[in-house]
Amino acid sequence: MPRTAKSENREAEPTVVTGARGMLGEAICRHLHREGIPVIGIDRRSGESEKPFRYVEADLTAKDLDELVGIDGKYQIVHCAAVLPVGGRSAEDCRVMNREIDRAIISSLKQRRGVRLIYMSGTSVYGMDEEWKTEDSPVRPPDAYVRGKLESERSLLARDVREVCLRVTAPYAPGQSASTVLKVFIERATKGAELIYHGSGTRCQDFTHVDDVAAAVLACIRRRNVGGIFNISGGKPRSMIDLAHLVKNLVPGCESPIRPSGKPDPQEHYRARFRIGKARKELGWSPRIPLEDGISEWVEEVRRMSADFR
């Protein structure tokens, strides 16, 4: 069921979502569709026929965006597409490929008035330390992949003050493919396996449900004259040891032991602390889905999938 009631949207400009088959892209497409906004999803992977919105399979660097979407008039772009440094791809290779994609998208904007871009970035641009971060905090990208994100942010914001960069921290959703600590803890806890943390377990992360990210995108779409950088986070950082206990407590009947691995945590001193007051004030957005609810939803999904395969 939708988490928010469908609202009247008189303007209903079309929105193009790149990376529409990714975790974030798909959540955004479905959320906007529920809100009555015409959606066109673009991804280099083939789409599913049952999607309730228009889907285009395409390489964003090979064709002009206008040619792909076929819209004559104003529209907005939510740019989620990115090549991730997984499967043996280096951070530098990903930076080069992503910059090519981003340049193609930004270049297409120069040809059309009335087209606005909402760029999905990440809080990793701030680096890995203990300080609270606002949108004006110094940036210290830890690797080439993140540096590429920052370069694209700057290229975009130099074009027009109405463009938007959403710096999202640790987005999650039930069934996500990436092996994050949250996914590992939930899947192990549903099997009764031990939950292992590195170092002292005090490293903190702030998890953001994809539906909250989608709601932030919707807020941007409805405020065409608002632009700039916005931190988007769940608003409640959790240490790894607290996360392990939280997951254990939310899995019915779970007796998983929680213990340290005995190995150091290379991010031992990281504290994911992000101020989101700017998004509250200028976008009217706040996170609505507590981590507890997101974990319970995920646990139910894991149990349902397990029952289906019995």
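Student: Which residues point one way from β5, and which point the other way?

Tutor: The general idea is that side chains in a regular strand alternate between the two faces of the sheet. In this structure V115, L117, Y119 and S121 point one way from β5, while R116, I118, M120 and G122 point the other way, and all of them are buried (under 20% relative accessible area, with exposed meaning over 50% and partly exposed in between, for a 1.4 Å probe and protein chains only). With 8 of its 8 residues buried, β5 is therefore largely enclosed by the rest of the structure. Before we go on, note that this is a predicted model, in which local features need pLDDT of at least 70 and side-chain atom pairs count only at pLDDT 80 or more, whereas totals for chains, interfaces and linings use all residues. Residues are numbered from 1 along each chain as its sequence is written, and side-chain values use heavy atoms, with hydrogens and water left out.

Student: In what order do the strands of the open sheet come, and in which sense do they pair?

Tutor: Strands of a sheet pair through backbone hydrogen bonds, either parallel or antiparallel. Here 7 strands form an open sheet in the order β3-β2-β1-β4-β5-β6-β11, and the pairing is parallel; two strands count as paired if DSSP finds at least two bridges between them, and the elements are DSSP runs numbered from the N terminus (helices are H or I of at least four residues, strands E of at least two). At the edges are β3 (54-57) and β11 (228-232), each of which pairs on one side only. Neighbouring strands are turned by 20° against each other on average, direction ignored, where axes are lines fitted to C-alpha atoms (for helices over the stretch in contact) and angles run from 0 to 180 degrees between N-to-C directions.

Student: Which residues stand opposite each other where β5 meets its neighbours?

Tutor: On one side, β4 (residues 75-79) and β5 (residues 115-122) pair in the parallel sense over 5 bridges, with I77 opposite L117 and V78 opposite I118. With β6, too, β5 pairs in the parallel sense over 5 bridges, and there S121 stands opposite R167. Although β11 is an edge strand, 5 of its 5 residues are buried.

Student: Which helices lie on this sheet, and at what angle to β5 do they run?

Tutor: Helix α3 (residues 91-110) packs on the sheet, touching β1 (15-18), β4 and β5, and its direction makes about 155° with that of β5; contact here means heavy atoms within 4.5 Å. Helix α4 (residues 144-157) lies across β5, β6 (164-168) and β11, also running at about 155° to β5. Leaving aside neighbours within four places in sequence, M97 is in contact with V83 and R89.

Student: Where do the buried residues of α5 fall when we look down its axis?

Tutor: An α-helix has 3.6 residues a turn, so residues three or four places apart point the same way. In α5 (residues 181-190), the buried residues are L182, K183, F185, I186 and A189. They fall within an arc of 165° seen down the axis, so they line one face of the helix; the arc is that of the directions from the helix axis to the C-beta atoms.

Student: What is the phi of A170, and where in the chain is that residue found?

Tutor: Most residues other than glycine have a negative phi, and most peptide bonds are trans. A170, which is not a glycine, has a positive phi of about 40°, and A170 is found in the loop between β6 and β7 (171-172). A170 is also among the residues touched by T208, which lies in strand β10 (residues 208-209) and counts as buried because its relative accessibility is 0%.

Student: What does the radius of gyration say about the whole chain?

Tutor: With 310 residues, a compact globule would have a radius of gyration near 19 Å, and the protein chain has 20 Å, which agrees; the value is taken over C-alpha atoms, and the globule rule is 2.2 Å times the number of residues to the power 0.38. The C-alpha trace spans about 60 × 45 × 40 Å along its principal axes, and buried residues make up 48% of the 310 residues.
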